[in-house]
Amino acid sequence: MHSFTQYTPTRIVFGKETEKQVGTLAKSQGASKVFVVYGGGSVVKSGLLDRVSESLKEAGLDFMAMGGVKPNPRLSFAREAVEKSKEFGTDFVLAVGGGSVIDTAKAVAHGTANPENDIWEFWSREKTVEKSLPVGVVLTLAAAGSETSDSAVLTNEETKVKRGLSTDFNRPAFAIMNPELTYTLPKYQVGCGVVDIMMHTLDRYFTKTENNELTDEIAEGLLRTVIRNGAIAIKDSHDYDAMSEIMWAGSLSHNGLTGLGAEKDFAVHQLGHELSAKFDIAHGASLSAVWGAWATYVYDAKPERFAQYAEKVWGIKETNPVKAAQEGIQKTVAYFKSLDMPTCFSEASEIGIKTEEELCKMAEGCSYGGTRSIGAFKSCDEQDIYQIYKLANK
């Protein structure tokens, strides 16, 4: 093992009907005025919001709820929520939903605790988060892993820029995880979630770091578990066993555990963020649309690593590392297809790239105008990014 720092402070409360404990958990964090953030109507129609509200009331907590979070969480909504939260006098923020809701809740917590700052200053790196409010989560979608991660993303609709922010202040105080709350998900969202979970580990797994045996074993085991149960869940989202495995894997995949001691890559996430910002495509779909192109472009930097992945995750026994690497990439792309996820731009109806100029503009945006390279497995500059987008544009 190599040197690392692991910090995972989130209390996990996992199992059926655990959402009934939200009031007690929030109160244990010193909450008195809770600002509740949620997305669309599903949490209302399912009765979840009512159950959460009742639990908060029973705990003697004052609360205010604001719905309307959309996928690829919007800066404008987060700003509006911050203003309402400040007026309410919030001392605890509660997210009821999936990754976009949780990321928005984190933004509300930062903005409320730092009223002198515009929250985009944190995401644009103009300011550093030095204080925040505690955040709790009632998870309804296994995907982003934001319920235990130190990261959060926001999309600036005006500039069509999507940015991630990593800070330990993003770590939620607790996460309530009842797999039954995912039963209402449509097939597309289940597929997006499975891809996102896999990618949070793959973007840590593909590294040039060696002799990191236990971390590799954890990552490979998680990937096998997600792949196996994802195939079940995509056919039946009411399968408790499959959905519970996927939900727990989502948290472990993005709390840092699957990449301890190794450098992180996250090039695929950066490539996908540009697609989400420009075309408002679902995050998981943006990742599956570029992964095969990225892997094809970079695997020759260390084919042995891809060969290990092919053997340990997919059971491929090919002894030639280049051939094994290629087979592993093909298996992964085929699995994404089996989930009805796009594996190139033409398979994603949201992505409307018609000219080379548009590809160049995307590469320019992803590289921040040519001022940065992405990835660690193989560092990719603006020209490399363009070539990857070109491979994916079929």
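## A pair in helix α10

Lysine 278 and glutamate 274 stand four residues apart in helix α10, so about one helical turn separates them. In this predicted model, their side chains meet in a salt bridge with an N to O distance of 2.5 Å.

Most residues other than glycine have a negative phi. Aspartate 280 is partly exposed, with a relative accessible area of 41%. Aspartate 340, in the loop between α13 (321-338) and α14, also has a positive phi, of about 65°, and is likewise not a glycine.

## Overall form

The protein chain contains 15 helices and eight strands, and its C-alpha trace spans about 65 × 45 × 40 Å along the principal axes. For 394 residues, a compact globule would have a radius of gyration near 21 Å, and the 20 Å of the protein chain agrees with that. Of these 394 residues, 58% count as buried, and among contacts between residues at least 6 apart in sequence, 77% join residues at least 24 apart.

## Other salt bridges

The count of salt bridges comes to 17. One of them joins the side chains of glutamate 80 and lysine 84, at 3.7 Å from N to O; being four residues apart in helix α4 (residues 75-88), these two are separated by about one helical turn. Glutamate 80 is partly exposed at 41% relative accessibility, and lysine 84 is partly exposed at 31%.

Glutamate 210 and lysine 302 form a salt bridge in which the closest N and O atoms are 3.0 Å apart. This pair links distant parts of the chain, 92 residues apart, with glutamate 210 in the loop between α7 (187-205) and α8 (213-233) and lysine 302 in the loop between α11 and α12 (303-314). Glutamate 210 is partly exposed at 47% relative accessibility, while lysine 302 is buried at 14%. Elsewhere, Glu217, Glu220 and Lys312 are linked in a network of salt bridges.

## Buried lysines without a salt bridge

Lysine 162, in strand β7 (residues 161-166), is buried yet has no salt bridge, and the nearest side chain of opposite charge, aspartate 103, is 7.5 Å away. The side chain of lysine 162 does make a polar contact of 2.8 Å with that of asparagine 72, and residues that lysine 162 touches include Val153, Leu154, His273 and His283.

Lysine 106, in helix α5 (residues 99-113), is also buried without a salt bridge; here aspartate 103 is again the nearest side chain of opposite charge, at 4.3 Å. Among the residues touched by lysine 106 are Val135, Ser146, Asn170 and Pro172.

The largest nonpolar core has 90 residues, of which Trp291, Trp294, Phe306, Phe345 and Tyr389 touch the most other members. Contacts of tryptophan 291 include Met199, Phe206, Phe306, Ile329 and Phe336. A second, separate core of 23 residues includes Val22, Leu25, Ala26 and Val43.

Tyr389 is one of the buried residues of helix α15 (residues 382-392), together with Asp384, Ile385, Tyr386, Ile388 and Ala392. The cover over the buried residues of α15 includes α10 (267-279), α11 (283-298) and α14 (356-366). At the start of α15, a side-chain oxygen of aspartate 381 comes to within 3.1 Å of the backbone nitrogen of glutamine 383.

Methods:
Residues are numbered from 1 along each chain as its sequence is written. This is a predicted model: local features need pLDDT of at least 70, side-chain atom pairs count only at pLDDT 80 or more; totals for chains, interfaces and linings use all residues. Side-chain values use heavy atoms; hydrogens and water are left out. Buried means under 20% relative accessible area, exposed over 50%, partly exposed in between (1.4 Å probe, protein chains only). Contact means heavy atoms within 4.5 Å. A polar contact is a pair of N or O atoms within 3.5 Å; within protein, one must be able to donate a hydrogen and the other to accept it, and residues adjacent in sequence count only if both atoms are side-chain atoms. Lys and Arg count as positive and Asp and Glu as negative; His and the chain ends are not counted. A salt bridge is a side-chain nitrogen of Lys or Arg within 4 Å of a carboxyl oxygen of Asp or Glu. A nonpolar core is a set of buried Ala, Val, Leu, Ile, Met, Phe, Trp, Tyr and Cys residues joined through side-chain atoms within 4.5 Å. The radius of gyration is taken over C-alpha atoms; the globule rule is 2.2 Å times the number of residues to the power 0.38. Lists of a residue's contacts leave out its neighbours within four places in sequence.
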